[in-house]
Amino acid sequence: MKTTTRSYPAVTRPHVLRRAAAEFVGTGLLVTVVVGSGIAAQRLSPNDVGLQLLENSLTTALGLTVLILMLGPVSGAHFNPVVSLADRLLGRRAGTGLPPRDLAPYLAAQILGGIAGTLLAGVMFDTAPALSGNDRATGGHLVGEVLATAGLVLLIFALARTGKGSVTAAAVGAYIGAAYWFTSSTSFANPAVTIARMFTDTFAGIAPASVVPFILAQLVGAALGLALLLVFYPTAARTAGDVVVPTQPETTS
């Protein structure tokens, strides 16, 4: 029986270390935005939780949009392990998406970058690192995480499939900003961010006991999002390499 092996497109992407560095910085700054704005909101509006959430969500939506625009051409601006995992799984058979050798560096950079972002926010606001006491793992919160992650994965890959990459940054920022409000969990939708927010006992924190249930819910949501994607866009695997933002090939002068 003749066997065939799939090869990845002959595109010279930036070196994996550069892309991993972009994922580290991007995820770190994203968490800095989330945690830092949460601390600022808590101090500026101490008696109004609704206003705190509004301040936190608007800042996160804007910050995420800017980070995707800034670092997307380098690494694709995944900033999220479920996005990288979904990209790898979706593009596996078509030979597109994130190459298998790059998955571990991406995941490590995202998780470590997120933790660094929490620590940076604490330094800026003179808040010592501490494990959060904010227990979020209720049934409703976990359903919210499934929904938030499924919607995020479906949105990102649908935009890549339909050639709407130019609006991805704004669309993803808008979705996360909205999901802060329409989900009970305030839309973490990101295992790296979830782990990182464990290390701050502030408005944005999450108790260690809630982290594993949240991540499991996010993985379920990612699987659901991919299933819906393949129902709506059966050929989506062809464009897995354009998620979140197509990385730019290396050029020589």
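T168 lies in helix 6 (residues 168-182). Helices are DSSP runs of H or I with at least four residues, numbered from the N terminus. The model is predicted: local features need pLDDT of at least 70, side-chain atom pairs count only at pLDDT 80 or more, and totals for chains, interfaces and linings use all residues. Residues are numbered from 1 along each chain as its sequence is written, and side-chain values use heavy atoms, without hydrogens and water.

**T168**
- T168 has 1% relative accessibility and so counts as buried (under 20% relative accessible area, 1.4 Å probe, protein chains only).
- Leaving aside residues up to four places away in sequence, T168 touches L159 and V244; contact means heavy atoms within 4.5 Å.
- From T168 to F182, 14 residues along the chain, the C-alpha atoms are 20 Å apart.

**Helix 3 with helix 5**
- Helix 3 (residues 81-91) packs against helix 5 (residues 139-161) at about 55°, with axes 11 Å apart.
- V82, V83, A86, D87 and L90 of helix 3 meet T149, V153, I156 and F157 of helix 5.
- Seven residues of this contact are nonpolar, one is polar and one is charged.

**Helix 3 with helix 8**
- Helix 3 and helix 8 (residues 208-232) pack at about 40°, with axes 10 Å apart.
- That angle makes helix 3 oblique to helix 8.

Conventions: Axes fitted to C-alpha atoms, helices over the stretch in contact; angles between N-to-C directions. Helix = DSSP H or I, 4+ residues; strand = E, 2+ residues; numbered from the N terminus. Nonpolar A, V, L, I, M, F, W, Y, C, P; charged D, E, K, R; others polar. Buried < 20%, exposed > 50% of the residue type's maximum accessible area, 1.4 Å probe, protein only. Parallel < 35°, antiparallel > 145°, perpendicular 65-115°, else oblique.
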